[in-house]
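Good morning, and thank you for coming. I shall speak briefly about one model and ask you to follow along on the screen.

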Amino acid sequence: MSGNEPWFDDLIGELKKPVTENARAKAKIMEKVREMPSRRPARRGDTLLTFLEWLVRGRTVTVSPLAVTVCALIVVAGAIAVGRLMTRPHEPFPGGALSKYGTHVVGRDEAVRLAHATKPGESLVNFVLIAPGASRVTVIGDFNNWDAGATPLQQESESGLWTVIVPLPAGRHEYAFLVDGEWWLPDPSAPRAPKDDFDRVNSIMLIEG
Amino acid sequence: MCRRPLTSLLLCCIFAVLGLSPCRAQPGKPLGDETLEAVSLMMDSARAESLPAETLMQKALEGSTKGATDQKIREAVRALLNRLRLAKKALGSDATPPELTTAAGAIYAGVDTSGIRRLKEAQAVRKTGDPSNDQTLAAEFVVLADLISRNVPVDTASQVVIGLAEANVGFAEIFEFRRLVEQDIRSGAVPAESAYRRARRLAPSLPPFGREPARQPGDSR
């Protein structure tokens with residue numbers, strides 16, 4: 001004998017007896033199984049649902065303290081880098097680029113190169129505005145009697161850089177840009193006049209005599 | 001805005017980044033007869049007082065282009081004539097037209113006539129040191145008005161610009177100074193502090209920021 005309790009040996013004996021298969025019952029069960037609806041093919045909604053279930057299913061993650069520290073340091077360094085990037089001095093017209101991206105009085109060499117006609121006592125002024133997406137830009141000021149259509153700027157390629165060269169006499173000139181016939185805009189690269197009597201801000205151009 | 005919403009949005013974003021506030025233009029209209037007559041009379045007065053009369057007509061045309069009412073235009077032209085008178089009184093009869101118009105702009109920005117007179121005195125100091133120097137005060141007035149429009153307090157802006165004039169800072173340098181201050185302000189600097197710090201590099205005689213000389217009794221600077 002096995003040395004077990006007698007009731008235990010009886011139980012094992014019963015379990016070891018061969019099972020007599022009831023063929024009728026088996027056929028009935030198989031019939032019911034066949035009648036059950038077959039599994040429908042996976043649809044897009046099912047995939048999304050599965051993904052959402054996977055997303056919200058709780059898990060236990062094991063992370064070492066070192067890994068947590070490294071991750072925290074990366075996050076802090078990233079935040080500092082973004083902060084510095086956002087607060088660094090903004091230079092819209094860095095150094096020598098001013099003459100290209102800002103309104104300026106054309107120098108003698110450039111004037112010769114442009115061969116632009118001027119009267120004695122006049123200087124050439126290159127009005128520049130960066131306005132990508134604009135379809136029309138004009139400069140309006142006391143030098144063209146504030147005529148909105150008198151001095152259109154030309155777009156240089158598709159860069160959004162609009163320019164026009166205008167001969168102006170020495171002195172103080174007040175002006176602004178009109179973008180798309182709708183937006184009144186002071187020159188970003190020029191000194192501002194105080195907000196005028198008509199609640200708009202103009203720019204000032206001072207040309208030495 | 002409705003026609004090209006995306007373009008307008010893009011432009012607004014760019015202007016916002018540059019610290020500008022674009023205003024919507026209104027359709028201009030020709031000046032009315034009454035306004036034309038009033039402006040002509042004021043121009044006659046200006047000529048008689050040796051003031052730059054053409055500036056008045058330009059102001060009227062500007063108002064017209066900006067869609068202002070005739071009454072608003074007449075008021076603006078009258079106010080400009082008064083500012084030109086104040087400027088001439090402070091600067092004297094030898095003031096040039098650009099000096100008068102720029103000083104009128106500074107007055108409009110909030111500088112009082114004693115501030116204008118102090119700049120005139122600084123110019124005299126400059127000429128004493130260098131008799132060949134014929135630089136006008138127009139650049140100083142333009143920069144002064146610009147600083148005030150960028151939230152530099154009137155007192156500080158006046159102090160700084162007077163310091164620059166006394167230090168004989170040239171035309172190009174003073175405009176570069178303005179550009180650098182504007183850049184600082186756009187980067188988040190305190191306007192008054194930036195103006196002072198930048199000015200002291202060009203005019204070391206200016207006292208450090210926060211230790212400006214106390215106002216004298218009766219000094220309305």
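A residue is called buried here if 20 or more other C-beta atoms lie within 10 Å of its own, exposed if 12 or fewer do, and partly exposed in between, with C-beta atoms placed from the backbone. The model is predicted, so local features need pLDDT of at least 70 and side-chain atom pairs count only at pLDDT 80 or more, whereas totals for chains, interfaces and linings use all residues. Residues are numbered from 1 along each chain as its sequence is written, and chains are lettered from A and ligands numbered from 1 in the order in which they are written.

Let me begin with α7(B). Helices (H or I, at least four residues) and strands (E, at least two) are DSSP runs, numbered from the N terminus. Of the 12 residues of α7(B), 11 are buried, among them Phe141(B), Val142(B), Leu144(B) and Ile148(B).

Which helix does α7(B) meet? Residues of α7(B), including Val143(B) and Leu147(B), meet residues of α9(B), including Phe171(B) and Ile174(B); contact requires C-beta atoms, placed from the backbone, within 7 Å. By class, the contact has 7 nonpolar residues, no polar and 3 charged. Here Ala, Val, Leu, Ile, Met, Phe, Trp, Tyr, Cys and Pro count as nonpolar, Asp, Glu, Lys and Arg as charged, and the others, Gly among them, as polar.

The axes of α7(B), residues 138-149, and α9(B), residues 171-186, come within 10 Å and cross at roughly 5 degrees. The two helices are therefore roughly parallel to each other, a term for angles under 35 degrees. Axes are lines fitted to C-alpha atoms over the stretch in contact, and angles run from 0 to 180 degrees between N-to-C directions.

I turn now to backbone angles. Most residues other than glycine have a negative phi. Just after α7(B), Asn151(B) takes a positive phi of about 75 degrees. Asn151(B) lies in the loop between α7 and α8 (154-166) of chain B and counts as exposed because it has 12 C-beta neighbours inside 10 Å. In chain A, Asp180(A) has a positive phi near 55 degrees. Asp180(A) sits in the loop between β6 (171-179) and β7 (183-185) and is partly exposed, with 19 other C-beta atoms within 10 Å.

Finally, chain A has 6 helices and 8 strands, and 24% of its 209 residues are buried.

Technical notes: Parallel < 35°, antiparallel > 145°, perpendicular 65-115°, else oblique. Contact = placed C-beta atoms within 7 Å.
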